[in-house]
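Please look over the notes below with the model open beside you.

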Amino acid sequence: MRKLSLRTRVLTGSAVVAVLGAGTFGAVSASASAPAAETKAAVTADTANRNLQQSTHLTVAAATKAAEAALDAAKKENQRVSVAVVDRNGNTVVTLRGDGAGPQSPESAVKKGYTAVSWNAPTSELAKRLAQAPNLKDIPGTLFLAGGAPVQAKGAPIAGIGVAGAPSGDLDEKFAQAGVAALGK
């Protein structure tokens with residue numbers, strides 16, 4: 001068999017890519033005009049399938065209730081804080097910046113909530129672990145300071161509440177725990 005020149009191989013490859021691209025575009029266009037069959041198939045999916053997993057998330061109303069309870073606990077002690085509630089995946093559900101809270105506090109609250117839900121532990125406990133594993137602090141989005149508390153359902157983390165802005169992390173965490181407690185009421 002004769003070897004093809006570089007120019008011939010490039011031109012042939014380009015032609016193949018163009019044909020495949022046109023075919024893909026045609027298939028996408030054809031499927032866009034008839035979505036009803038695919039939608040019906042998705043609706044009748046077998047939910048007993050072992051490849052699927054269900055997860056529990058706080059509603060926005062519950063997250064707001066927890067955030068407001070944490071903020072109220074801080075107000076009772078004349079503390080100016082921000083509160084964040086993140087879901088199991090670390091996505092922010094609610095952030096409340098209290099009157100007079102510092103400009104860094106909303107971001108710190110989100111990071112504390114994210115850290116608490118990621119490890120299913122209060123951030124004060126996690127801060128102690130830095131002595132054995134100092135590289136933990138290098139994980140993006142985390143903050144190993146007291147003030148974050150996990151929210152659990154059946155022992156599994158479903159959310160994290162982070163509080164930032166009080167003069168000590170112990171106070172921040174106390175207020176975060178008040179938010180967790182409000183969910184049980």
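1. Start with a term. A crossing of two helices is left-handed if the near helix is turned anticlockwise from the far one by less than a right angle, and right-handed if clockwise. Keep in mind that this is a predicted model.

2. Overall layout. The chain has six helices and four strands. Read from the N terminus, the order of elements is α-α-α-β-β-α-α-β-β-α. Of the 185 residues in the chain, 32% are buried. Among contacts with a separation of 6 or more, 62% join residues 24 or more positions apart.

3. The helix pair. Two packed helices are described by the angle between their axes and the distance between the axes. Here helix α3 (residues 60–76) packs against helix α6 (residues 169–183) at about 135°. Their axes lie 7 Å apart. Angles over 145 degrees count as roughly antiparallel and 65 to 115 as roughly perpendicular, so this angle makes α3 oblique to α6. The crossing of α3 and α6 is right-handed.

4. Who makes the contact? From α3 come Ala 62, Lys 65, Ala 66, Ala 69, Ala 70, Ala 73 and Ala 74. From α6 come Phe 175, Ala 178, Gly 179, Ala 182 and Leu 183. Sorted by class, the contact has 10 nonpolar residues, one polar and one charged. An α-helix has 3.6 residues a turn, so residues three or four places apart point the same way.

5. One residue of that contact. Ala 73 is found in helix α3. Is Ala 73 buried or exposed? Its relative accessible area is 17%, so Ala 73 is buried, the cut-off being under 20%. Leaving aside neighbours within four places in sequence, Ala 73 is in contact with Phe 175 and Ala 178. Ala 73 and Ala 178 are 105 residues apart along the chain, yet their C-alpha atoms are separated by 6.7 Å.

6. The partner helix. α6 has 15 residues. From first C-alpha to last, α6 reaches 22 Å, close to the 21 Å expected at 1.5 Å a residue. Which residues of α6 are buried? They are Asp 172, Glu 173, Phe 175, Ala 176, Gly 179 and Ala 182. Their cover includes α3, α4, α5, β3 (148–153) and β4 (156–164).

7. Two asparagines to check. Asn 78 has a phi near 55°, a positive value in a residue other than glycine. Asn 78 sits in the loop between α3 and β1 (82–87). With a relative accessible area of 67%, Asn 78 is exposed. Asn 120 also has a positive phi, near 50°. Its loop lies between α4 (105–119) and α5 (123–129). Asn 120 counts as partly exposed, at 24% relative accessibility.

8. A proline in a loop. Where is Pro 103? Pro 103 lies in the loop between β2 (92–97) and α4. Its relative accessible area is 76%, so Pro 103 is exposed, the cut-off being over 50%. Pro 103 and Val 81 are 22 residues apart in sequence. In space they are 10.0 Å apart, C-alpha to C-alpha.

Terms used
Residues numbered from 1 in each chain as written. Predicted model: local features only at pLDDT ≥ 70, side-chain atom pairs only at ≥ 80, totals over all residues. Heavy atoms only, no water. Axes fitted to C-alpha atoms, helices over the stretch in contact; angles between N-to-C directions. Parallel < 35°, antiparallel > 145°, perpendicular 65-115°, else oblique. Contact = heavy atoms within 4.5 Å. Nonpolar A, V, L, I, M, F, W, Y, C, P; charged D, E, K, R; others polar. Buried < 20%, exposed > 50% of the residue type's maximum accessible area, 1.4 Å probe, protein only. Expected span 1.5 Å × (residues − 1).
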